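User: I would like to learn how to read the features of a protein model, taking each in turn. Please begin with the surface and then proceed to the helices and the charged side chains.

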Amino acid sequence: MNDSALGLSHFLAQTDTVARFILVLMLIASLLTWGIITDRLIVHWQLKRRSKAFMARFQRINSFAELIKNAEQDEPYSRLTRSAIDATRHYAAYDASHLNAAGGLSEFLIRSLRQCIEEEAERLERGLTMLASIGSTAPFVGLFGTVWGIYHALIAIGLSGQGTLDKIAGPVGEALIMTAIGLVVAIPAVLGYNALVRRNRVVLSRLDAFGHDLLILAVTGAPLERHAHTQIRAVRVAGGA
């Protein structure tokens, strides 16, 4: 058996229109996968850097008035802060009696912050649907290409009348390349999707905690003194002992 008759190059030369279409589709899916993963990782890196700078300034804030001057960046924490500022101004600008009937400033702020967090979740999840679709369908598309390739290989073998092992192994092995291509496309998509979902979950959890701090700052006018609560708890534990 001629070794030059086997391999990927020979497989590509022998493929028909359907098989070539599947190969092009897999190439596009692979490019989309790596493009989305790269884009989302860059977004998370920028988000982490900007959010760290914002939180460093937020921890030095002593009143809600100071917070208004520190919400200029384009990142989730700043957008959540601007949402709280806008909601507070809206509450103060209009008749509070109507808003009090709906639960007062606290409830009004909670709804505004929740809506902003949901919008941030939508921003973070861009591209994840495509990754999930590629990860779930690429193996089956590759399998379809394998079945199609084996079908045509067997037809060619039947027409030639040569059914020996050396005549079957080459075409069938080349057709199985489609399955491997489908897995090569699907595995990075699945791993990237899982990693990005976890990163998004961490970001949204931190945003939710930050929203709680914003609510306290907007309602009381002062930040939550976490270290004071820790000291009180320590005194209570020591007194109980």
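**Reading the model**

Analyst: The nonpolar patch on the surface consists of Val 24, Ile 28, Leu 32 and Met 130, which together have about 330 Å² of accessible area. Please note that the model is predicted.

User: Which helix gives the most to the nonpolar patch?

Analyst: Helix 2, residues 17-58, gives the most, with three residues. Val 24 is found in this helix.

User: How is the packing of two helices described?

Analyst: Two packed helices are described by the angle between their axes and by the distance between the axes. Here, helix 6 (residues 104-124) packs with helix 9 (residues 177-220) at an angle of about 155°, and their axes are 10 Å apart. Helix 6 is therefore roughly antiparallel to helix 9, since angles over 145 degrees count as such.

User: Is the crossing of helix 6 and helix 9 left-handed or right-handed?

Analyst: The crossing of these two helices is right-handed.

User: How many salt bridges does a search of the whole structure find?

Analyst: A salt bridge requires a side-chain nitrogen of Lys or Arg within 4 Å of a carboxyl oxygen of Asp or Glu. The search finds four salt bridges. One of them joins Arg 40 and Asp 39, with the closest N and O atoms 3.2 Å apart. Arg 40 counts as buried, at 9% relative accessibility, whereas Asp 39 is partly exposed, with a relative accessible area of 39%.

User: What is the N to O distance in the salt bridge of Arg 79 and Glu 120, and where do the two residues lie?

Analyst: The side chains of Arg 79 and Glu 120 meet at 2.6 Å, N to O. Arg 79 lies in helix 4 (residues 76-93) and Glu 120 in helix 6, so the pair ties together parts that are 41 residues apart in sequence. Both residues are buried.

User: Which residue forms a salt bridge with Arg 111, and how many residues apart are the two?

Analyst: Arg 111 forms a salt bridge with Glu 107, the closest N and O atoms being 3.6 Å apart. Both lie in helix 6, four residues apart, which is about one turn of the helix. Arg 111 is partly exposed at 36% relative accessibility, and Glu 107 is partly exposed at 32%.

Conventions. Residues numbered from 1 in each chain as written. Predicted model: local features only at pLDDT ≥ 70, side-chain atom pairs only at ≥ 80, totals over all residues. Heavy atoms only, no water. Patch = residues over 30% accessible without salt bridge, like charges linked within 9 Å, V, L, I, M, F, W, Y side chains within 5 Å. Areas by Shrake-Rupley, 256 points an atom, 1.4 Å probe, with all protein chains shown as cover. Axes fitted to C-alpha atoms, helices over the stretch in contact; angles between N-to-C directions. Parallel < 35°, antiparallel > 145°, perpendicular 65-115°, else oblique. Left-handed = near helix turned anticlockwise from the far one by under 90°. Buried < 20%, exposed > 50% of the residue type's maximum accessible area, 1.4 Å probe, protein only.
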